[in-house]
Amino acid sequence: MFKKRERAMSGMIKVFLKRFVIVTMAPSMRSPSGLTGWFARKMMQSANPESTRFAIQHRLHLKDTDVFVELGAGEGAGLLAATTPLADATCTATIPSIIHLVEISDAMRVELERVVAEDLPEAVRASTTIHVHGDDCIRMSYLDDDSVDKIFAMNVVYFLDPLPDYLSEIHRVLKPGTGEIVWGCKFDKVPQDNNVFVNVKEDDVVMMMKEAGFDVTATPIDVVAGSAVAASADAAAAENTLSKDMRNYIEIRGRKIQ
């Protein structure tokens, strides 16, 4: 019993410390650069890659005919997840035919481009078209209207201001009736009173998405358990489950209405 309580306390302390660091590193979180950006990147590497891998391999249901866009692609965790689907029954993804990676941080984009050039199997590079973009996703001129199947972004929505303008562009490029934007959000782990983190309320994000023309669902995802939190679960209990680990998140999924 004592050891179990000690482990729980240790986990709570780690989460508290990470939240404190997030507040301190806030100015460097959107586009990491310089020394503080280096620390911000290291912190993001501790939890984001596993959340991203789980989302892409188990929640997006990517198909080999898809045009897939990742916003805030970072240093390539999402790309590697999308191009190396797991060979087990729980992985629902296949490798998309076209992948667009959007990353506005110069430092992170350098590593992302290295991953594309050096870490992907030759067969993937031969069969999948991969584009890396450094421009803000408020304008994605390289994408045609109604051309994208899935857009994914982990820990990105907080920084998009004004969010309705970004949603308008996302809505433009998604295919009507089937195209989806999927946000991975850790609202309970980011500052609520910081001018860098702008969109930090789940209800507000959902409302703006509905107003932009999306059919929206929000689902708590327990990455540690490898599943979505049951819809019938008590809200407070679900929130407590997610807060216990930095890898857990809220999935906000918007399908472009026909």
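User: Which residues do ring pairs link into a cluster?

Analyst: In this predicted model, ring pairs join Tyr 158, Phe 159, Phe 187 and Phe 197 into a cluster. A search of the whole structure finds four aromatic pairs.

User: Why are Tyr 158 and Phe 197 called an aromatic pair that is tilted?

Analyst: Let's take the distance and then the angle. Their rings lie 5.8 Å centre to centre, and rings pair if their centres lie within 6.5 Å, so Tyr 158 and Phe 197 form a pair. The planes are 45° apart; under 30 degrees would count as stacked and over 60 as edge-to-face, so this pair is tilted.

User: What makes this a link between distant parts of the chain?

Analyst: Tyr 158 sits in the loop between strand S4 (150-154) and H7, while Phe 197 sits in the loop between S5 and H8, 39 residues apart.

User: How do you know whether Tyr 158 and Phe 197 are buried or exposed?

Analyst: Buried means under 20% relative accessible area. Tyr 158 has 1%, so Tyr 158 counts as buried. Phe 197 has 3%, so Phe 197 counts as buried too.

User: What is the geometry of the aromatic pair of Phe 159 and Phe 197?

Analyst: That pair is tilted as well, at 4.9 Å centre to centre with 50° between the planes. Phe 159 lies in the loop between S4 and H7 and Phe 197 in the loop between S5 and H8, so the pair ties together parts 38 residues apart in sequence. Both Phe 159 and Phe 197 are buried.

User: The loop between S4 and H7 also holds Asn 155. Why is Asn 155 called buried?

Analyst: Its relative accessible area is 16%, and the cut-off for buried is under 20%, so Asn 155 is buried. Asn 155 also has a positive phi of about 55° although it is not a glycine. Pro 162 is found in that loop too, and the peptide bond from Asp 161 to Pro 162 is cis, with omega near 0°.

User: Why is His 61 called partly exposed?

Analyst: His 61 has a relative accessible area of 39%. You can find His 61 in the loop between helix H3 (48-59) and S1.

User: Now for helix H8. Which residues of H8 are buried, and what puts them on the same side?

Analyst: In H8 (residues 202-211), Val 205, Val 206, Met 208 and Met 209 are buried. They cover an arc of only 165° around the axis, which puts them on the same side of H8. The face turned away from that buried side carries the exposed residues Asp 203, Lys 210 and Glu 211.

User: What covers the buried residues of H8?

Analyst: The cover includes helix H7 (163-173), strand S5 (180-185), strand S6 (214-222) and strand S8 (249-256).

User: Which residues touch the most other members of the largest nonpolar core?

Analyst: Of its 36 residues, Leu 71, Ile 151, Ile 170, Trp 183, Met 209 and Ile 252 touch the most other members. Elements giving two or more residues to this core include H7, H8 and S8, and H7 gives the most, with five residues.

User: What does Ile 252 touch?

Analyst: Leaving out residues up to four places away in sequence, its contacts include Trp 183, Phe 187, Glu 202, Val 205 and Met 209.

Note on methods: Residues are numbered from 1 along each chain as its sequence is written. This is a predicted model: local features need pLDDT of at least 70, side-chain atom pairs count only at pLDDT 80 or more; totals for chains, interfaces and linings use all residues. Side-chain values use heavy atoms; hydrogens and water are left out. Buried means under 20% relative accessible area, exposed over 50%, partly exposed in between (1.4 Å probe, protein chains only). Helices (H or I, at least four residues) and strands (E, at least two) are DSSP runs, numbered from the N terminus. The arc is that of the directions from the helix axis to the C-beta atoms. Contact means heavy atoms within 4.5 Å. Rings of Phe, Tyr and Trp (its six-membered ring) pair if their centres lie within 6.5 Å; planes under 30 degrees apart count as stacked, over 60 as edge-to-face and the rest as tilted. A nonpolar core is a set of buried Ala, Val, Leu, Ile, Met, Phe, Trp, Tyr and Cys residues joined through side-chain atoms within 4.5 Å.
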